[in-house]
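Colleague: I would like to learn how to read a protein model feature by feature, and I would be glad if you could take me through one slowly.

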Amino acid sequence: MSREQLVVERARRAFQTGMSKPLKFRVHQLKNLHRFITERRKDIADAVKKDLNKTEHSTELFETLGLEGEIDVAVERLAEWAAPRPVEKSLLTILDEVYIQPEPLGVVLIIGAWNYPWAVTLQPLVAAIAAGNAAVVKPSEVSSHSAKVMEELLPLYLDKELYPVVCGGVSETQELLRQRFDHIFYTGNSTVGKLVMEAAARHLTPVTLELGGKSPCYIDKDVDLRVACRRITWGKFVNCGQTCIAPDYILCEPSIQNRVVEGIRQTLLEFYGPDPKSSPDYGRIINQRHFNHVMALLDGYTAALGGQSDSSQRYIAPTVVKDVPPHARLMQEEIFGPLLPIVTVSDIDDAIHFISEREKPLAIYVFSSNKKVIKRMLAETTSGGVTVNDVMMHYTLNSLPFGGVGQSGTGRYHGKHTFDQLSHHRACLVKSLGMEEVNMVWYPPQNHQKARR
Ligand code: NAD
C-alpha cells in the first residue's frame, strides 16, 4: 500500500467515526487554523519570501489576511450555513417538513498551486473543515518552502488523521488521484485540470477546477488614464505577474495606446523606482523553467517598456509590448509573468468581438467613464468574474463566488460559496403517518374522481 493510499484510508476512517461532523468540533479546528496563521506568521512569510521574493507585508495582504477573513466568516456563520434550509412546499406536501440539509461530502482532496501558495491551498481547507469533511491537502511542490512549512507545522494545530498534508510532485499527486475521494478541489493550469477531471471521472468524483487563462482588460478612450493605468499596473505586476486574475493583456484604441504606455511608465516609477530589480516590492519568477518560458514569449518583440532580465535572479522587468498582433504567441496562452501586451482595436464592438471569439476568461476588466460602454461590456461578454474600473477586486469579497467558466474553470469558492461547494445538499421531506387520504391520489387504481378529490 502506497503512502498516499494509507493517508487517504486513514482520513476516510477518521471521517467515518463522525468526529468531523459536530459544529463544535468544526469551529474548534477552524480556530486552531486561525491560531496557526497568527502564531506562525513569521514562518509563513519567510517561506513565501524564499519561494517568490514577496515582502512580509505582501504575504499578509495577499495570503493570510484573506485566509483569516475566510475563517472568521466561517466561524461566525457556520451555524446558519449548516442549518436546514426550508423550501417552498406544494399543496400535497403542505403538512410536511421540507428542507435542504447541507451535509459533509466525505474526504476532499485539495491540490494547491504555487503562486499564492497559502491562499489557494488553505482557503478550500477552511470550507472543507466548516462543511464537516476530512481533507487531504496537497500543496504545490513548486513553492517548496511553503509546502515544507505546511507539512511540518499544520499538523501541530489540526487533527492529523482528518486533515493530513501530503507533499510531493507529479507522481505523488497522480498516486493521490488514483484514490477515491468525494470531491477534488484543484487549483492550477488547465492541462493538469483535464488530468484531474479524468482521474475524478473514474470514481464519479465531483470536481472544482480553479484554472487560469487570458483575462482581458479593455481601456475605453473616455477614461481617466492616470487612474486606470495605476490600477492596471498594480494588478499586472504584483507577484511579478504570477496571478491567475492579473490582467493578461490590454485592448484599446490606437489613439490612446501611447498615453497608456506613458501612464504605465509613470506608475512603475512611482511603485518600484527607476530600477525595479532593486525594489523590495518587486517579486521574482518562481523558478528557472517558468523564467525561460516567460522569456521565450518575448522572443522577437521590442519592448515599449522594460524587457530587461537577469536569469541568475529569475528577474524579469515589468514589460509592456505595443501593437501586438492578435495571432502572436504572446496572445495564445496565459502569460503568467510580468509581460503586458497591448492589442489595438478599432472600437468597443471590435473589443467585444475580440473577447467573445476567444475562450471564456477567468476575469474581464473594463475601464470607462461611459455607462453605455460598461453596460455593453457586461451584457455582451462572459467570464468567471468581472471588475469595472479596477482589477481583481471582485476576488476580495467572500460574498461573491470566485471561479471560472468554460476553460477557466468549473465550480466556485469563497465564504459560503465554498461551504456549499463542499457540502452535499440533501433534499429532505419528513412526513407524518397521518393524513393517509392525501396520499390516496398516488395509489392505484387510478381514476379522475380520485385525482380531483
Ligand atoms: P503547479 O505547477 O503548482 O500545479 C498545480 C498542482 O498540480 C500542484 O500541486 C502539482 O503537484 C499538480 N500537478 C502538476 N502536474 C501534474 C500532473 N501531471 N498530474 C497531476 N498533478 C500535477 O501550478 P501551475 O499549474 O503552474 O499554476 C499556475 C496556474 O494556476 C495558472 O494557470 C493560474 O492562472 C492558475 N491559478 C488559478 C487560480 C484560481 O483560483 N482560478 C489560482 C491560482 C492559480
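Modeller: What follows is a walk through a few features of this model, each with its general idea and then its case here.

Modeller: This is a predicted model, in which local features need pLDDT of at least 70 and side-chain atom pairs count only at pLDDT 80 or more, while totals for chains, interfaces and linings use all residues. Residues are numbered from 1 along each chain as its sequence is written.

Colleague: How many residues surround the ligand, and which are the closest?

Modeller: A residue is near a molecule if its C-beta atom, placed from the backbone, lies within 6 Å of it. Here 28 residues surround the ligand, and the closest are Ser140, Gly188, Asn189, Gly212 and Cys244. Sorted by class, the shell holds twelve nonpolar, twelve polar and four charged residues, where Ala, Val, Leu, Ile, Met, Phe, Trp, Tyr, Cys and Pro count as nonpolar, Asp, Glu, Lys and Arg as charged, and the others, Gly among them, as polar.

Colleague: Which helix gives the most to that shell?

Modeller: Helices (H or I, at least four residues) and strands (E, at least two) are DSSP runs, numbered from the N terminus. The helix that gives the most is α7, with three residues, and both α7 (170–178) and α8 (190–201) supply at least two residues each.

Colleague: Which residues does UniProt list for "active site"?

Modeller: The unreviewed UniProt entry lists Glu210 and Cys244; such positions are given in the numbering used here, with feature names shortened, and annotations may be inferred rather than shown by experiment. Although the two are spread over 35 residues of sequence, they cluster in space, with a largest C-alpha distance of 9.1 Å.

Colleague: Why does Glu210 count as buried?

Modeller: A residue is buried if 20 or more other C-beta atoms lie within 10 Å of its own, exposed if 12 or fewer, and partly exposed in between, with C-beta atoms placed from the backbone. Glu210, which lies in strand β6 (residues 207–210), counts as buried because it has 27 C-beta neighbours inside 10 Å. Cys244, found in the loop between α9 (225–237) and β8 (249–252), is buried because it has 28 such neighbours.

Colleague: Which residues is Cys244 in contact with?

Modeller: Two residues are in contact if their C-beta atoms, placed from the backbone, lie within 7 Å. Leaving aside neighbours within four places in sequence, Cys244 is in contact with Asn115, Gly212 and Leu362, whereas Glu210, with residues up to four places away not counted, touches Tyr186, Thr187, Gly403, Gly404 and Gly409.

Colleague: At roughly what angle do the axes of helix α3 and helix α6 cross?

Modeller: Two packed helices are described by the angle between their axes and the distance between the axes. Axes are lines fitted to C-alpha atoms, for helices over the stretch in contact, and angles run from 0 to 180 degrees between N-to-C directions. The axes of α3 (residues 41–52) and α6 (residues 144–153) come within 7 Å and cross at roughly 155°. That makes α3 roughly antiparallel to α6, since angles over 145 degrees count as roughly antiparallel, under 35 as roughly parallel, 65 to 115 as roughly perpendicular and the rest as oblique. The contact is made by Asp43, Ile44, Ala47, Val48, Lys50 and Asp51 of α3 and by His145, Ser146, Val149 and Leu153 of α6.

Colleague: Which peptide bond is cis?

Modeller: The bond from Pro444 to Pro445 is cis, with omega near -5°, and Pro445 lies in the loop between α15 (436–439) and α16 (448–452).
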